[in-house]
Amino acid sequence: MVCVIIQRKVRKGRESEFFKALFHLRSQAMRHPGYVSAETLLGHDNPLLNVVISTWHSAEQWQAWFNSAEREAEQAKIEPLLSSRTTIFVLDFMEHE
């Protein structure tokens, strides 16, 4: 399994549009093969900071979602609502011995 952390900074005044687009994107991701779960977090001192932490069965399934035309179309709707570029980290879970 992999954990994907996506960080976005929302443009002030565009929060409502952003969250509508984000939840639509997430509902589509939930139907994609390999999706396990996700959480959406807001910055405690900066509510314009948005972090999504999702879990996928494999990096390949995440990559298939990331490269899908469906995700790219939804991301294109989100980008104008941001004050900076989206940052994505794909991380492996550490195995315990």
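Mentor: A residue is buried if its relative accessible area is under 20%, exposed if over 50%, and partly exposed in between (1.4 Å probe, protein chains only). This is a predicted model, in which local features need pLDDT of at least 70, side-chain atom pairs count only at pLDDT 80 or more, and totals for chains, interfaces and linings use all residues. Residues are numbered from 1 along each chain as its sequence is written, and side-chain values use heavy atoms, with hydrogens and water left out.

Trainee: Is Glu15 buried, exposed or partly exposed?

Mentor: Glu15 lies in helix α1; helices are DSSP runs of H or I with at least four residues, strands are runs of E with at least two, and both are numbered from the N terminus. The relative accessible area of Glu15 is 26%, so this residue counts as partly exposed.

Trainee: Which residues does Glu15 touch, not counting those up to four places away in sequence?

Mentor: Contact means heavy atoms within 4.5 Å. The C-alpha atom of Glu15 is 9.2 Å from that of Pro47, which is 32 residues away along the chain. With residues up to four places away left out, Glu15 touches Val10 and Leu48.

Trainee: At the other end of α1, what is the relative accessible area of Met30?

Mentor: Met30 is found in helix α1. Its C-alpha atom is separated by 14 Å from that of Ser68, 38 residues apart along the chain. Met30 is partly exposed, because its relative accessible area is 48%.

Trainee: How many residues does α1 give to the lining of the largest cavity?

Mentor: A cavity is a set of points on a 1 Å grid over the protein atoms alone where a 1.4 Å probe fits but cannot get out, and its lining residues have an atom within 4 Å of a point. One cavity of 30 Å³ or more is found in the whole structure. Elements giving two or more residues to its lining are β1 (2-9), α1 (15-30), β2 (35-42), β3 (49-56), α2 (59-66) and α3 (69-78). The most come from α1, and the number is four.

Trainee: Which residues are the closest to the centre of the largest cavity?

Mentor: The largest cavity holds about 200 Å³ of space, a volume being the space filled by probe spheres set on grid points, which are joined across faces, edges and corners. Of the 18 residues in its lining, the closest to the centre are Ile6, Leu25, Ala29, Val52 and Trp65.

Trainee: How many residues of that lining are nonpolar?

Mentor: Ala, Val, Leu, Ile, Met, Phe, Trp, Tyr, Cys and Pro count as nonpolar, Asp, Glu, Lys and Arg as charged, and the others, Gly among them, as polar. The lining has three polar and three charged residues, and the nonpolar ones number 12.

Trainee: How are α1 and α3 oriented to each other?

Mentor: Axes are lines fitted to C-alpha atoms, for helices over the stretch in contact, with angles from 0 to 180 degrees between N-to-C directions. The axes of α1 and α3 come within 9 Å and cross at roughly 170°. Angles under 35 degrees count as roughly parallel, over 145 as roughly antiparallel, 65 to 115 as roughly perpendicular and the rest as oblique. The two helices are therefore roughly antiparallel.

Trainee: Which residues of α3 meet α1?

Mentor: The residues of this contact divide into five nonpolar, three polar and three charged. On the α1 side they are Phe18, Ala21, Leu22, His24, Leu25 and Gln28. On the α3 side they are Glu70, Arg71, Glu74, Gln75 and Ile78.

Trainee: Which residues does Gln75 touch, not counting those up to four places away in sequence?

Mentor: Gln75 has its place in helix α3. It is buried, because its relative accessible area is 9%. Beyond four places in sequence, Gln75 touches Arg8, Leu25 and Thr86.

Trainee: Is His32 buried or exposed?

Mentor: His32 lies in the loop between α1 and β2. It touches Trp56, Gln61, Ala64 and Trp65, with residues up to four places away in sequence not counted. Its relative accessible area is 19%, so His32 is buried.

Trainee: What is the relative accessibility of Val36?

Mentor: Val36 is found in strand β2. Leaving out residues up to four places away, Val36 touches Met1, Thr55, Trp56 and His57. Val36 counts as partly exposed because its relative accessibility is 35%.

Trainee: What is the relative accessibility of Thr55?

Mentor: Thr55 is in strand β3. Its contacts beyond four places in sequence include Val36, Tyr35 and Phe93. Thr55 counts as buried because its relative accessibility is 12%.

Note on methods. 1 Å grid on protein atoms, 1.4 Å probe; cavity = no way out; pocket = protein on both sides within 12 Å on 5 of 7 lines; lining within 4 Å.
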